[in-house]
Amino acid sequence: MGGLGAPWSQREACTHRSLGYPTARQTLAWALVTGLLVACGGPEDASLDEAALAPEAGETASESQELFGWPWPPAPKPVGLALEVDNGKGQLLRVRAGSSFYINQIDLRASVLSNRDTGLAALKTQSDFAGLGWSGLKAVDEEPVLLGSPGAFTRRRFYRGAAWMDVPSIFTVEPVDSRGRLTGLPVVLNIGSEDSRRERTDDFFIRRLRAIQSITDCQSPTNCTGARKFEEEALVEVRNAYEHAKAKAFTLTTTTTALRLRWSLRPFTPYIIPVEQVRDADYAYGFGIDVKALTPPRRDGTYAPGSEITFQVALKDGAGNRLHPEGSLPSYNEVAPDGNAAGIQYYRAFFDATTTYYRRKHRERMLMSQIIGPAQNIQPIRSVIALEAFLDPEVDEQVVATEARDGVYSQFAILPFANIVFRGAFFPEEGLWDRPNTDKWQYKIPADATPGTYLVTVKGRRTYLGEDLPGSRTIEIQVGTPRRTEARLTTGPCNSCHSEGGELSQVLHGNDNRAACSGCHAPLGFELEGPIFVRTHFIHSRSNRFDKPLEQCSSCHLTKESIQRTSKAACLSCHKSYPKSHEAQFGKIESMYVGGGPESFQQCTGACHTQHPRSGL
C-alpha cells in the first residue's frame, strides 16, 4: 500500500473513508473478500475492531449474517467511462454519484496550426506531445476528403512508426480530491504495443496511436497548391475494455473532484480530468433502441409488395425511460455537436472530422435507419449514392439499392433526415438545423419485391454522464410470404478475434447481426469507403494487431467464390499497389480506400484473378 505514494499513508489507505465506503462494517466486508485486511495488518490498521462485526442498531442478526455471509449480494454493473484530453487539458467528466465505473475509452489529442507545410515538425517541437520519442516516424497513407468546395477541400496525410506509437505503454487513473490527494486505489491499464494484441495482458481491444497532417484549404481534392492552412495532430485512441479490464472497477468518494491520468511515456506530467458528481440524475445509464412498424401488416402478418410502411423509433436509457417525447426528436441544433441532456447524439463529423480507421470514427455518432431485403439476397452494395441525394429537399429516405441493379433492395434514412443535416450545412440560411424533427419515417417496398424476410435496423450512440455507448436494434418484417428467409453470409466467424470485450455487439455500432449492415454501408459520393468489405479489408490490413496472415483470405472468407469478384475497391482496400500494367489499364491509385473513384466498384475482370496466392481457399 505504501507504493501508492504520498500523501496517502498506509493507515489512510486502509480506512473505510479513503476507500469510499460509508461505514467501517462495509469496508471490512470488502476487505475480507479482497485480502486488503491482511495487507493492512488487521483490524487495528484498518480502523476497525471486532465490534464492527456486531449488528448495528436496528439491524437483525439475519441481516448482519446476510452482509457477511454467502451468497454476497450482486454488485451493481459498472459503467464504462470515456476520458478525453485535448492539448493537455482534461475535458470535464460528469458522472452519476454512487455508481461503479471502469475505464472504457481514452482519447488524447495534441495539435498545432501552421501556415506552411512543415510535415509534422511543429507537432514534434511545440505540442503537448513534443517530449515523446518521434524517431521512426513516416508517412504511410494519404487521402483527399471529397466533401468540400474550391479553396476548402481537405487532404490528410497519415503517419505511423514513431517510437511512442509502437512501444508498450500504460495508463494509471488516480481519483484525487481538490488538493491532489488520492481518494481511492489507482487503476492501472495496459494498452499494449503496436505489433501485437494480447488478450490476457492488454486491457483494450482497440489501440490506435498515430499522427495526421490536414491541409484544409486545397483548391480540389487533389490540388493543394498555394495552401496556407495546415493542422498537425497526434492522437491516442484506446477503447473497448476487455473483460479483465472491466473487472478493475472503482467507485468515487464524495471528496473526489478529479481523475489524475498518468501515461508511462510522460510519467511526471499527468493530465488532470475534472470530475463533477451528479446526485439527482434525470436518467439511468445504458442505451436501448425500440423500433416498430406503425403500418399494420395484412391478416397473415405480411406486407404486400408496393406497400409504404411507416416506422417509429424510441431511444431509451438502460432502465427503459424514454429520452425524447413520443412523436418527435430534438432538432439538430439542440443536439449537435455534443449531444443533449438525455445523451442523444446525431452526426457530428462537421465539428470533429472522422476518418475510417485513422481518426475518431467512433465519435461520428450518426443516428440512422435502414431496410434491406430479401434476406436470402443480401450482399454488398456497390452502387454509389451521390451527394445530391442527401441535399434533395423532397427526399427524406434515400434509395440505396434496387434488385434489378444490385440484386437486393435497400433504403436508408438519417435521423434527422439527410436533407436537414447535410443540406443545413451547405445552406445555413434555410435554418434547417432548427427545424423540429420526427421519430417516424417511411420505406416504400418495391412493387416487384422478391418475397422474403426484410431487416429494418436503427443504430445510434448515446453519451451520458461519462458513458459513451453504441446501440442498435433490428426487427424483421415479412414481405409477400410468411416464410422466414435467412441471409447467406460468405464471411466469418468474426468472434475468433472479436471476443472478451471486442465482440461486434460491443464495438462499432453495437450490432452483431452482420446481415443488417449493407443497407447503411453503401458507397457514398463523398465517402466511397462505406461498404463493409472495403472497411474490413482496410482496417485489418493496416492493423499490426490483426494476428492472421493478410494473404490468408480463409481467415474471414468461407468460400473460394467469395474472393473472385475483383475490383479496385476489393483489391486496393487491402493492397497498397498494383503492377504498372494495371496502372496503364485501370489508372493510378488515387484513394487509399478504393483505389480510384466511383469506377472502383466495377468488376475489373472475370477471368484473371480467380485465385489468390496463399489464400487457403
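Me: Hi! What should I know about the model and the numbering before we start?
Reply: It is predicted, so local features need pLDDT of at least 70 and side-chain atom pairs count only at pLDDT 80 or more, while totals for chains, interfaces and linings use all residues. Residues are numbered from 1 along each chain as its sequence is written, and side-chain values use heavy atoms, with hydrogens and water left out.

Me: Thanks! Which way do strand 12 and strand 13 run?
Reply: Antiparallel, with 5 bridges joining strand 12 (residues 258-263) to strand 13. The two form a hairpin with 2 residues between them, and A258 has P274 as its bridge partner in strand 13. Strands here are DSSP runs of E, at least two residues, and helices are runs of H or I, at least four, numbered from the N terminus.

Me: And how many bridges join strand 3 to strand 13?
Reply: There are 4, and strand 3 (residues 93-96) runs parallel to strand 13 (residues 266-278). R96 has V278 as its bridge partner there. Two strands pair if DSSP finds at least two bridges between them.

Me: New topic: which residues of helix 13 are buried?
Reply: In helix 13 (residues 532-542) they are F533, V534, R535, F538, S541 and R542. Buried means under 20% relative accessible area, exposed over 50%, and partly exposed in between (1.4 Å probe, protein chains only).

Me: What covers them?
Reply: The cover includes strand 5 (138-145), strand 6 (153-160) and helix 14 (568-572).

Me: Last one: is P493 buried or exposed?
Reply: Exposed, with a relative accessible area of 52%. P493 lies in the loop between strand 22 (467-479) and helix 13. P493 and C556 are 63 residues apart in sequence and 6.8 Å apart in space, C-alpha to C-alpha.

Methods:
Contact = heavy atoms within 4.5 Å.
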